[in-house]
Amino acid sequence: MGGRLAASASHSFAVFRHQRLASSWAAAVADHARSGRHDAAFTVFRRVLRAHPAVATSDQLAYAALLRCCDRRLAYQIHAQMCHRGLAASNPVLACSLLTFYADCEDRDSAARVFDEMPHPDAVSYTAIISALLRAGDCHRALALYPRMLPLCAPTQHTFSKLLAACTSMRLRCHGTQLHAQLLRWGCWGPHLSLILKTSLFHMYAACGAMASARTVLHATPETDVVLWTAIITAYSRDGQLQHALRAFHDMERAAVPPNAFTYAALIAACSAARSLHIGRLLHARLFKFHLEDDTSACNALLDLYSKSSMRFLDLLHAFRAVNTPNVVSWTAFIAGLVRHGRDQEAFAAFARMRATGVQPNSFTLSTLLKGCTSAHTCLLAAKIHAYVIKTSFESLDVAVGNSLVNVYARSARMDDAWDVATTMSFVRDRFTYTSLAKGLNQMGLHHRALGMILHMFHEEVQIDGFSLACFLSAAATLASIEAGKQLHCCAVKLGLTDEVSVSNGLIDMYSRCKCLEDAKSAFRSVREPSVVSWNAVISGLASNGCYTEALSAFEDMILTGAQPDGVTFSVVLSACSHCGLVDIGIKHFYSMMNLFGVPPQKNHYTWFLDMLRQAGRLTEVTHTIEAMPILPDFVNLMDPAGILQGPQ
């Protein structure tokens, strides 16, 4: 009897020691993992595994703590133990920890496998798998889990936050509104609306362009923080509403919420979009005041501002030099600024320095750099970029880079190279690709081939827009037959593009060149608010068909409507006056160029003016005009230089 009691006591003590050892080492591992001391956690685990393997492999809470160390190899071993011992069903805490680990590591397949093994997943498990799917970009599948979840468990605020993030990224306002209704049903509104949900709802409505609903969410509770205020300012900045963004910033300061670098980055981005350089400089000064001038996001926003808005190259240079560690966004903004300042060679040198520092360019960098390839020399550099793209790409080109290359080659009349690039752009050719090709063919006089691009667009189901149609109308205007132009006009009506100014201008020009003046006038009358290009097209069309008086009458109508004429307008007007012998009217229009409209006369204007004076026999005025001219006229168009002083024939 005494022996059995002693044995029982010994066994109880062993169990106690086993439990104490397990709890103590599990607590040590959890403490190290929670504090970020992953190496120490692994050391404790290895020591217990060597000394007490049974203890080390039986404590499931310690496994959950070890998963915080983000070691993928150890996670696979723990997962194998779970599958071997059926722990997914018996220990939902461990299964959820493993699911969360895979979600954090963006291993969607492994996360889905763990989730499918769980017989009764809870709200935490559903939130973890939704998070994993969102990180993998599978937003539709993440949203589809929500209806499955509702009959089983109540979603948490983190669940709603993840689902609203999916609606934000995909601009799914309908789904977001339904989630909002569910929040109201669960009583998460008014004083019960947390800042996390409030910010998520605001992001969703702002991303979907529903600022009225976003403001309703904003005023649901008085609580705010820097994240929410930055979201408000970013939303206004994205919509180009600088004044609203600044007003929100002042409200933020009145609420005693200190802004961070992301807040200033959003405000500076709004200044960049509005080309408000002065306010941007004031915000730049504030960055120094609050010691935020070294933040990369704020510096990148300043680079974009000075790149787009400042005429001083030193602003761009100083802003770039202020970035401690330039990333791809910094380099791209700097290169864009160099291109806008016409410093093409320096832009390519910056691209070389960027790669030398180990920063790899993205498609925006390459397409931005290719926009600077305007001269014959830089076209050779574009070919080098093309070689780099071929080396770093696999099956097809990125659409932005491909379109930029097509545009460069087409502008340089290298149509074979342009077509080769377009051919490489498998499944990503769009209207910009074919418009660039058509423009290049038009420049080379290959108008029939330019119109042939329409067939390629039709077969590939590429939608024609106003700019591409205007390009095709330009090609049709040079043909002897009007049929192609009329077919394009029908195409414009069918696609609903007749209201676009570029299409209307193209129709006016096409009908004028084909001597169909009534159709040209009809196309002009269809323009609701004619631009100077529209007026130039109709005036030039009338003049080119010998209707000089009507062309001058159209010019008078243009002035009466308040439209501002440009140099092209006056070239056509002076030409019309010269051809029909209206010298006094031509002289009046010539002097009104600079005096009334601020248009400085160019060579062709002086040429037509002197020709009118010659026809009227006003040789003294011809002499005085030549002596006062800041530039020499192009006398080649006037038979010969001596012809001016010989008087009218």
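Lys521 is buried, with a relative accessible area of 18%; buried denotes under 20% relative accessible area, exposed over 50%, and partly exposed the range in between, with a 1.4 Å probe and protein chains only. Its salt-bridge partner is Glu518, at 3.6 Å from N to O, and Glu518 is exposed at 54%. Helices here are DSSP runs (H or I, at least four residues; strands are E, at least two), numbered from the N terminus.

The model is predicted: local features require pLDDT of at least 70 and side-chain atom pairs pLDDT 80 or more, whereas totals for chains, interfaces and linings use all residues. Residues are numbered from 1 along each chain as its sequence is written, and side-chain values use heavy atoms, leaving out hydrogens and water.

**Salt bridges**

The whole structure contains 13 salt bridges, each defined as a side-chain nitrogen of Lys or Arg within 4 Å of a carboxyl oxygen of Asp or Glu.

Helix H16 (residues 242–254) holds both Arg254 and Asp251, three residues apart, or about one turn of the helix. Arg254 counts as exposed at 65% relative accessibility, while Asp251 is partly exposed at 28%.

**Asn300**

Asn300 lies in helix H19 (residues 296–309). Its relative accessible area is 9%, so Asn300 is classed as buried. Leaving aside residues up to four places away in sequence, Asn300 touches Asn327, Val329 and Ser330; a contact requires heavy atoms within 4.5 Å.

**Aromatic pairs and a charge over a ring**

Ten aromatic pairs occur in the structure. The rings of Phe555 and Phe570 have centres 5.7 Å apart and planes at 65°, so this pair is edge-to-face. Rings of Phe, Tyr and Trp (its six-membered ring) are paired if their centres lie within 6.5 Å, and planes under 30 degrees apart are stacked, over 60 edge-to-face, and the rest tilted. Phe555 is in helix H34 (residues 548–560) and Phe570 in helix H35 (residues 567–580), so the pair ties together parts 15 residues apart in sequence. Phe555 and Phe570 are both buried.

Phe570 also forms a tilted pair with Phe597, with 5.8 Å between the centres and 50° between the planes. This pair links distant parts of the chain, since Phe570 is in helix H35 and Phe597 in helix H36 (residues 583–597), 27 residues apart. Phe597 is buried, as is Phe570.

Elsewhere, ring pairs join Phe249, Tyr264 and Phe290 into a cluster. Finally, the charged end of Arg343 sits over the ring of Phe313, 3.8 Å from the ring centre; the criterion is NZ of Lys or CZ of Arg within 6 Å of the ring centre and within 35 degrees of the ring normal.
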